[in-house]
Amino acid sequence: MSVGLLGAVAALFIPATVGQDPSFNYVTCGSAIKLAHVKTGARLHSHEVKYGSNGGSSGQNSVTGMNTQIDANSIWKVVSAAEDVEDCHSGKPIPCGSKLRLMHSSTGCYLHSHEQFQSPLSKNQEVSAVGCPTSPNLGPHAERDPGDDWQLECTFSSDGWMRDDQVKLKHVLTGKYLHHTGQHTYQRPIQGQKEICAVAHSDDNGKWIAQEGVYVKRKDSPRVANHEEL
């Protein structure tokens with residue numbers, strides 16, 4: 001199944017009950033998921049709407065929060081970190097403290113951040129999506145940009161990223177956390193969508209939880225991987 005089709009299909013699914021099969025309780029490499037902001041329920045979202053290139057913004061695809069649960073543009077695929085020599089096998093568990101990338105399923109861009117650009121509303125660090133035809137990475141490490149790497153911090157689990165855990169994502173290069181203030185809302189052309197940014201402090205506004213999606217069954221070795229469509 002192609003990444004784009006996967007996103008379109010997964011937008012129609014709702015989560016199954018965690019615990020029916022322990023192998024599906026994990027967020028694994030290759031899973032295509034929606035991440036919900038714990039405090040507000042907003043889904044991490046992207047699209048081909050770009051930040052402005054003036055006033056301190058990058059001009060790259062914007063990343064926002066969406067209150068609706070059914071938009072396919074809120075699907076992100078879990079993939080290996082840019083610094084990894086090889087891609088992780090489908091179903092590989094994601095250990096707490098490890099690095100990863102999130103690839104936007106509709107555009108193919110990666111969740112990205114950089115200290116030289118500010119978020120438009122709160123003036124925190126901008127979070128964008130880059131590395132695809134609609135938002136190309138023009139830097140020296142375009143193929144595997146370390147600015148796409150995020151470190152997983154678990155709240156409850158010590159075994160790995162669990163679907164019912166509230167996790168934080170720390171940007172590896174800048175040390176700042178994926179964040180939603182809960183207060184900053186865009187107007188046209190993306191009226192009602194929420195600003196997503198990165199901040200230095202770690203608090204409850206930086207907690208996220210996996211929700212709707214297609215979860216690949218945990219496989220500790222790169223053999224046959226099954227998936228569960230939710």
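Two strands pair if DSSP finds at least two bridges between them. That rule applies throughout this predicted model. For example, serine 80 has leucine 100 in β5 as its bridge partner. The chain averages a pLDDT of 87, and 86% of the residues score at least 70. By the salt-bridge rule, the count comes to seven.

**Confidence**

- Residues 1-14 stay under 50 in pLDDT. The model has 24 contacts for this stretch beyond four places in sequence.
- Where pLDDT is low, the predicted coordinates should not be read in detail.

**Strand β5 and its partners**

- Strand β5 covers residues 99-104. Five of its six residues are buried, so the rest of the structure largely encloses β5.
- Strand β4, residues 76-80, pairs with β5. The two run in the antiparallel sense, over five bridges.
- Serine 80 and leucine 100 are bridge partners, with leucine 100 on the β5 side.
- Strand β8, residues 150-153, also joins β5. Two bridges hold this antiparallel pairing.
- Lysine 99 stands opposite glutamine 151 of β8.

**Strand β13 and its partner**

- Strand β13 spans residues 208-216 and is mostly covered. Eight of its nine residues are buried.
- Strand β1, residues 32-37, pairs with β13 in the antiparallel sense. Five bridges connect β1 and β13.
- Isoleucine 33 has glycine 213 in β13 as its bridge partner.

**Serine 62**

- Serine 62 is found in strand β3, which covers residues 61-66.
- Its relative accessible area is 3%. Buried means under 20%, so serine 62 counts as buried.
- Leaving out residues up to four places away in sequence, serine 62 touches His45, Ser46, His47, Val49, Lys50 and Tyr51.

**Salt bridge: glutamate 212 and arginine 43**

- The side chains of glutamate 212 and arginine 43 meet in a salt bridge at 2.8 Å, N to O.
- Glutamate 212 lies in strand β13 and arginine 43 in strand β2 (residues 43-50), so the pair ties together parts that are 169 residues apart in sequence.
- Glutamate 212 and arginine 43 are both buried.

**Salt bridge: aspartate 21 and lysine 217**

- Aspartate 21 and lysine 217 meet through their side chains in a salt bridge of 4.0 Å, N to O.
- This pair links distant parts of the chain, 196 residues apart. Aspartate 21 sits in the loop between α1 (3-10) and β1. Lysine 217 sits in the loop between β13 and β14 (227-229).
- Aspartate 21 is partly exposed, at a relative accessible area of 27%.

**Salt bridge: arginine 218 and aspartate 159**

- Arginine 218 and aspartate 159 form a salt bridge between their side chains at 3.3 Å, N to O.
- Arginine 218 is in the loop between β13 and β14. Aspartate 159 is in the loop between β8 and β9 (168-171). The pair links distant parts of the chain, 59 residues apart.
- Arginine 218 counts as partly exposed at 22% relative accessibility. Aspartate 159 is also partly exposed, with a relative accessible area of 43%.
- A network of salt bridges links Asp159, Arg218 and Asp220.

Notes:
Residues numbered from 1 in each chain as written. Predicted model: local features only at pLDDT ≥ 70, side-chain atom pairs only at ≥ 80, totals over all residues. Heavy atoms only, no water. Buried < 20%, exposed > 50% of the residue type's maximum accessible area, 1.4 Å probe, protein only. Helix = DSSP H or I, 4+ residues; strand = E, 2+ residues; numbered from the N terminus. pLDDT = per-residue confidence, 0-100. Contact = heavy atoms within 4.5 Å.
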